[in-house]
Amino acid sequence: MRILFCGVRGSTPAPGPEFVRYGGNTSCVALSHDGSAPSLVLDAGTGLSRLSRHLDGRPFRGTLLLGHLHWDHTHGLPFFPAGNRPGSDVDVLIPAQGDAMRVLERAISPPHFPLTPGELRGRWSFAGLEPGRHRIEDFDVLAAEIPHKGGRTFGYRVSEHGRSLAYLSDHWPVGAGEGSDGLGAYHDAAIALAEDVDVLIHDAQYTAAEFPGRRSYGHSAVEYAVGLAEAARARRLVLFHHDPSRTDDEIDALVAIFQGRAVDVVGAAEGMTLDL
Ligand SMILES: [Zn+2]
Ligand SMILES: [Zn+2]
């Protein structure tokens, strides 16, 4: 499978010259089978608009699988030209919490926005997903509830032909316990998602030094992400959901700290691809 990073920023977009190398669009990661167009997209942040240019002018046909419904994971939905057009075929899955279309409409409808999800062109469906094992777009998907702040949140493990990735974009591990260093517990759901994966894409919003003042915000420290990756024996850790204030140079410096560890650590950047 191929992993294409379309948006890597957390919380709110970060435009500006200090952010051009890693990118300012919010969470969106597109997955494709070898040689095929992307068909399974994790989250619909503003990075979703980038995906259209990778579809060679064709409409999108596939599933948008959302981990949760914060703005930085949904604001790309109405700005997705390959989806909002005749011929598209889009299934949107969200963590189950009542009527999925009505839940999305609370954020995407007048007076907040001129359109509702039901007015997007092409064929769109909206449904809730329960935790557990699913088969989505010919990928094996494990969905597990993980602690975050403000709404039901899932992490995902996606597998194909013995290769796997875990996606925990927004993760508040102190919600499951302090852990040995106060940065949060390596709890069962996190381990189940990340165990032995080829790639762990993980919330890296804060540093351990920043964490004490922000521990209630619902996110992780980079040091927690590295510790989880090593505890779960992930082969590569992709630092993701960069804080909107984190400049390119600061991300470079963070990544440099963790070179030489048991796990390969890289920073997620818009346009980056990984082949598993
Ligand atoms: Zn987020
Ligand atoms: Zn969030």
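Visitor: Which spacing do the donors of the zinc ion (ligand 2) follow along the chain?

Guide: In this predicted model, the protein donors of the zinc ion (ligand 2) are H68 through NE2, H70 through ND1, H148 through NE2 and D170 through OD, at 2.1 to 2.6 Å. Read along the chain, these donors give the spacing H-x1-H-x77-H-x21-D.

Visitor: How far apart in sequence are the parts that H68 and D170 tie together?

Guide: The donors of the zinc ion (ligand 2) are spaced H-x1-H-x77-H-x21-D. H68 belongs to the loop between β4 and β5, whereas D170 belongs to the loop between β10 and α3, so this pair ties together parts of the chain whose separation in sequence is 102 residues.

Visitor: Is H68 buried or exposed?

Guide: The cut-off for buried is under 20% relative accessible area. H68 has a relative accessible area of 1%, and it therefore counts as buried.

Visitor: What is the geometry of the site of the zinc ion (ligand 2)?

Guide: Four donors count as tetrahedral if all angles lie between 85 and 135 degrees. Among the 4 donor atoms of the zinc ion (ligand 2) the angles run from 90 to 170°, and the site is classed as irregular.

Visitor: Are D72 and D170 buried or exposed?

Guide: Buried means under 20% relative accessible area. D72 has a relative accessibility of 6% and is therefore buried; D170, at 2%, likewise counts as buried.

Visitor: Which backbone atom of R121 does the side chain of N84 reach?

Guide: N84 lies in the loop between β4 and β5, and at 14% relative accessibility it counts as buried. Leaving aside neighbours within four places in sequence, N84 is in contact with P78, L120, R121 and W124. At 2.8 Å, its side chain reaches R121 at the backbone nitrogen.

Visitor: Which backbone atom of R121 does the side chain of S88 reach?

Guide: S88 is placed in the loop between β4 and β5, and its relative accessibility of 5% makes it buried. Residues touched by S88, beyond four places away in sequence, include P59, F60, R121 and W124. At 3.5 Å, the side chain of S88 reaches R121 at the backbone oxygen.

Visitor: What is the handedness of the β-α-β unit made by β5, helix α2 and β6?

Guide: Strand β5 runs parallel to strand β6 (residues 123-129), with 7 bridges joining them, and L93 stands opposite A127 in β6. With helix α2 (residues 100-105), these strands make a β-α-β unit that is right-handed.

Visitor: How many of the residues of helix α5 are buried?

Guide: The buried residues of α5 are V222, Y224, A225, V226, G227, L228 and A229, and they pack against α3, β11 (199-203), β12 (236-240), α6 and β13. Helix α5 (residues 222-231) is mostly covered, the buried count among its 10 residues being 7.

Visitor: Which residue's side chain is joined to that of R261 by a polar contact of 3.0 Å?

Guide: R261 is in the loop between α6 (248-257) and β13 (264-267), and at 39% relative accessibility it counts as partly exposed. Not counting residues up to four places away in sequence, R261 touches V226 and E230. The polar contact of 3.0 Å joins the side chain of R261 to that of E230.

How values were computed: Residues numbered from 1 in each chain as written. Chains lettered and ligands numbered in written order. Predicted model: local features only at pLDDT ≥ 70, side-chain atom pairs only at ≥ 80, totals over all residues. Heavy atoms only, no water. Helix = DSSP H or I, 4+ residues; strand = E, 2+ residues; numbered from the N terminus. Buried < 20%, exposed > 50% of the residue type's maximum accessible area, 1.4 Å probe, protein only. Contact = heavy atoms within 4.5 Å. Polar contact = N/O pair within 3.5 Å; in protein donor to acceptor, adjacent residues only side chain to side chain. Pairing = 2+ DSSP bridges. Right-handed = clockwise from strand over helix to strand, strands pointing away. Donors = N, O, S within 2.8 Å, 3.2 Å for Na, K, Ca; no water. Tetrahedral: all angles 85-135°; square planar, octahedral: opposite > 155°, others 65-115°.
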